[in-house]
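Thanks for coming. I have one structure to show today, and I will go through it feature by feature.

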Amino acid sequence: MSADPALGFWLRYVEREGGLWEERGDVSLAVLPPSLSSLGLPETILATADPEAAREDGAQLLGPGHPALDHATDDVLERGDAGWTYVPWPGSSRPAISTLQARARDCVALERGRLDVVPPLSACYAPLLRAGALATYTLSPDQRIQERLETWVDARNGLCLGVRVRQVLEGCSRLSEPDSPNPRLRAAPETAVAGAHATLQRWAAARLSGYARHAGSARERERACATAYFAAALDTLTRRRASASGDRQEALDGQVEATRAERARRLQEIDEAYQPGVELRPFRLHLVSVPALRVCARVRLGAVTHDLPLVWLLAPLAGFAPAPCPACGAAEPLVAARAGLGCRGCRR
């Protein structure tokens, strides 16, 4: 597969549509299916991402902005990518109770008391949601940046999963059907989608802030040019007015006011044109069932006990899914008190 992401994407798209392709050095030979005949391309095409190869071999230079690539991108985004899959059940043994207890104690801050994992452990599938969106950042009238954003959340509560978990999940093999009879925990689709969207929005806002700082200098240059232009125009009108007769002075006064109004309008137009913005276009939604164990962690504070249900994601993830605050649902570290378990904000 081509190392160039744009060309590689287009070749995969051709193959999905029923076409064929093969690599020939720096170029790829593609046989297009009838469904792509409307693009004005020949049935057989040499495509490359290398400008020198395009000149020497007469291949199509296929990169960002090429109509064929734009068509493939729009088509893929329009169709979307949704479905559900299963991660294969691992053959390795379950973790020891001592391991689970040690890791569960990282989930709850205990100033006193103790935490124990209470058998039995029940096997299940934990539903996780993978959500992707195309982020389009508008920085100026002629500057746009696009990138793909993806996140993984617990489909039961919408809490974002850690970076390591996401990296492992993206490299896992998938099955269309479960290879184990274990039950699947109930997902909360609306909550999961809302949590994923909030995460993507937060990431996009942070990225936009960084991009906007770099684009600010172009806005200031255009404002400076406009300010200088109108300053020169007003200076000319002022000098002409100084040597004009009474009636002419009134006419020039009107031109001065009109010029000032146009300056204000133009500066506002520049500010609006350079107002940074971001648009998210969702295109991917995968519900992935992951082998897991339901674990009950019991917190003891003297004679008072609190049970905390946890879900241990089995290998290759080998970690607890995020535990929301029982009171407010926040993804904050939990604190144990006699009144109950909760985040520090709820236990104040």
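This is a predicted model: local features need pLDDT of at least 70, side-chain atom pairs count only at pLDDT 80 or more; totals for chains, interfaces and linings use all residues.

Cysteines to begin with. How many disulfides does the structure hold? The count is zero. Take C325, whose closest cysteine sulfur belongs to C328, at 3.7 Å. A disulfide needs the two sulfur atoms within 2.5 Å, so the sulfurs of C325 and C328 are too far apart for a bond. C325 is also buried, with a relative accessible area of 3%. For C160 the closest cysteine sulfur is that of C107, and the separation is 16 Å, again too far for a bond. C160 is partly exposed, at a relative accessible area of 28%.

Next, the aromatic rings. A pair of rings is described by how far apart the centres are and by the angle of the planes. The structure holds five aromatic pairs. One of them is formed by Y229 and F230: the ring centres are 5.1 Å apart and the planes stand at 80°, so this pair is edge-to-face. Which of these two partners is buried, and which is exposed? Y229 is exposed, with a relative accessible area of 56%, whereas F230 is buried, at 7%. W312 and F320 make another pair, with centres 4.9 Å apart and planes at 80°. Planes over 60 degrees apart count as edge-to-face, so the pair of W312 and F320 is edge-to-face. Here W312 is buried, with a relative accessible area of 4%, and F320 also counts as buried, at 16%. Ring pairs also join Y86, W89 and Y125 into a cluster.

Now to Q101. This residue sits in helix α4, which covers residues 97-104. Is Q101 buried or exposed? Its relative accessible area is 16%, and buried means under 20%, so Q101 is buried. What does Q101 touch, leaving aside residues up to four places away in sequence? Its contacts are L115, D116 and V117. With V117 there is a polar approach as well: a polar atom of the Q101 side chain lies 3.1 Å from the backbone nitrogen of V117.

On to the largest pocket. It holds about 1000 Å³ of space. Its lining is made up of 23 residues, and those closest to the centre are F9, T73, V76, L77 and L134. Which helices and strands supply at least two residues each to that lining? They include α1 (5-16) and α3 (67-79) among the helices, and β8 (143-154) and β9 (277-301) among the strands.

Helix α3 also contains E78. E78 is exposed, with a relative accessible area of 62%. The C-alpha atoms of E78 and L11 are 18 Å apart, and 67 residues separate the two along the chain.

That leaves the backbone. Most peptide bonds are trans, and most residues other than glycine have a negative phi. Against that background, where are the cis bonds to look at here? One joins P119 and P120, with omega about 0°. P120 is in strand β7, residues 114-140. Another joins A315 and P316, with omega about 10°. P316 lies in the loop between β10 (304-313) and β11 (319-320).

The loop between β10 and β11 also holds A318. What is the phi of A318? It is positive, about 50°, although A318 is not a glycine. A318 counts as partly exposed, at 32% relative accessibility.

Finally, L313, which is in strand β10. L313 counts as buried, at 2% relative accessibility. Leaving out residues up to four places away in sequence, L313 touches A126, V290, P291, A292, A318, G319 and A321.

Methods:
Residues are numbered from 1 along each chain as its sequence is written. Side-chain values use heavy atoms; hydrogens and water are left out. Buried means under 20% relative accessible area, exposed over 50%, partly exposed in between (1.4 Å probe, protein chains only). Rings of Phe, Tyr and Trp (its six-membered ring) pair if their centres lie within 6.5 Å; planes under 30 degrees apart count as stacked, over 60 as edge-to-face and the rest as tilted. Helices (H or I, at least four residues) and strands (E, at least two) are DSSP runs, numbered from the N terminus. A polar contact is a pair of N or O atoms within 3.5 Å; within protein, one must be able to donate a hydrogen and the other to accept it, and residues adjacent in sequence count only if both atoms are side-chain atoms. Contact means heavy atoms within 4.5 Å. On a 1 Å grid over the protein atoms alone, a cavity is a set of points where a 1.4 Å probe fits but cannot get out, and a pocket is an open set with protein on both sides within 12 Å along at least five of seven lines; lining residues have an atom within 4 Å of a point. Grid points are joined across faces, edges and corners, and a volume is the space filled by probe spheres set on the points.
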